[in-house]
Amino acid sequence: MRRSTADFSTVTTPIGPFTALVDADGAVLASGWTGDAENLRGLIHPILRPAALRERDSLGAVTKAVTAYHTGDLTAIDAITVRQLSGPFLVHAWEILRKIPAGEPVTYTDFATVSGRPAATRAAANACARNAAALFVPCHRVIRTDGTLGGFRWGLDIKRWLIAHENA
C-alpha cells in the first residue's frame with residue numbers, strides 16, 4: 001500500500017550525514033550516508049514510494065539506533081524494521097544480509113551460496129546494489145573473494161570505515 005508521506009531525519013555521524021526515511025509504522029524504507037532525502041525516496045520500490053517527505057528532528061528508535069551504531073553498539077540496528085519490495089530472490093537476499101554478523105564480512109560468492117543460489121554471484125551483488133536501506137540491511141558486510149571491498153553506493157571510504165568500525 002502506497003503511503004502519501006514518509007518522515008525523514010538526518011543525523012551527523014563520524015562519516016558524514018546519515019538520512020533515514022520511514023513509513024507511518026516507523027519501518028525504514030530507505031537510508032544512507034547522505035543529506036539528500038529526495039534521492040533516497042527515489043530508491044524506494046514504486047509501490048512503497050511516498051508521494052511526499054516530511055522532515056523530523058528525530059525518528060525515535062531509528063535515530064537512536066543510527067547514533068548508537070556509529071558510537072559502538074553494533075547490534076543497535078538489528079531490531080529496526082525495514083520494508084523493501086522486489087522479486088522473491090532480492091527480498092530473500094536482503095533478509096540474509098540482515099543475518100550477517102558485524103565484524104564477519106562474507107564474500108559475494110558466500111553470500112550467493114547462503115542466499116540459495118551458489119552460482120548467482122552477480123545476482124547477489126545486484127541485491128547489494130539495489131538495497132535501499134543501507135546500514136539496516138548491511139550490504140557493506142559483503143566483499144570480493146580477493147578481500148577487496150567491491151562497490152558501495154555510499155563510497156568505498158564509508159564502506160572501509162564501517163568494516164573497520166565493526167572489527168575494532
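The largest pocket has a volume of about 180 Å³, a pocket being an open set of points on a 1 Å grid over the protein atoms alone, with protein on both sides within 12 Å along at least five of seven lines. Volume here is the space filled by probe spheres set on the points, which are joined across faces, edges and corners. The lining, defined by an atom within 4 Å of a point, comprises 16 residues, of which L43, I44, H45, L85 and R130 are the closest to the pocket centre. The model is predicted, and local features need pLDDT of at least 70, side-chain atom pairs count only at pLDDT 80 or more, and totals for chains, interfaces and linings use all residues. Residues are numbered from 1 along each chain as its sequence is written, and side-chain values use heavy atoms, with hydrogens and water left out.

By class, 8 nonpolar, 4 polar and 4 charged residues line the largest pocket; Ala, Val, Leu, Ile, Met, Phe, Trp, Tyr, Cys and Pro count as nonpolar, Asp, Glu, Lys and Arg as charged, and the others, Gly among them, as polar. Domain 1 (5–71) and domain 2 (88–167) each contribute at least three residues to this lining, the bounds coming from an automatic or database domain assignment.

Leaving out residues up to four places away in sequence, F111 contacts (heavy atoms within 4.5 Å) A93, I96, L97, V106, A124, A127, C128 and V142.

One cavity of 30 Å³ or more was found, a cavity being a set of points where a 1.4 Å probe fits but cannot get out. The largest cavity holds about 40 Å³ of space. Its lining consists of S9, T10, V11, F18, T19, A20, L59, V62, T63 and V66, with at least two residues each from strand 1 (5–13), strand 2 (16–22) and helix 2 (61–70). Of these lining residues, 6 are nonpolar, 4 are polar and none is charged.

Note on methods
Helices (H or I, at least four residues) and strands (E, at least two) are DSSP runs, numbered from the N terminus.
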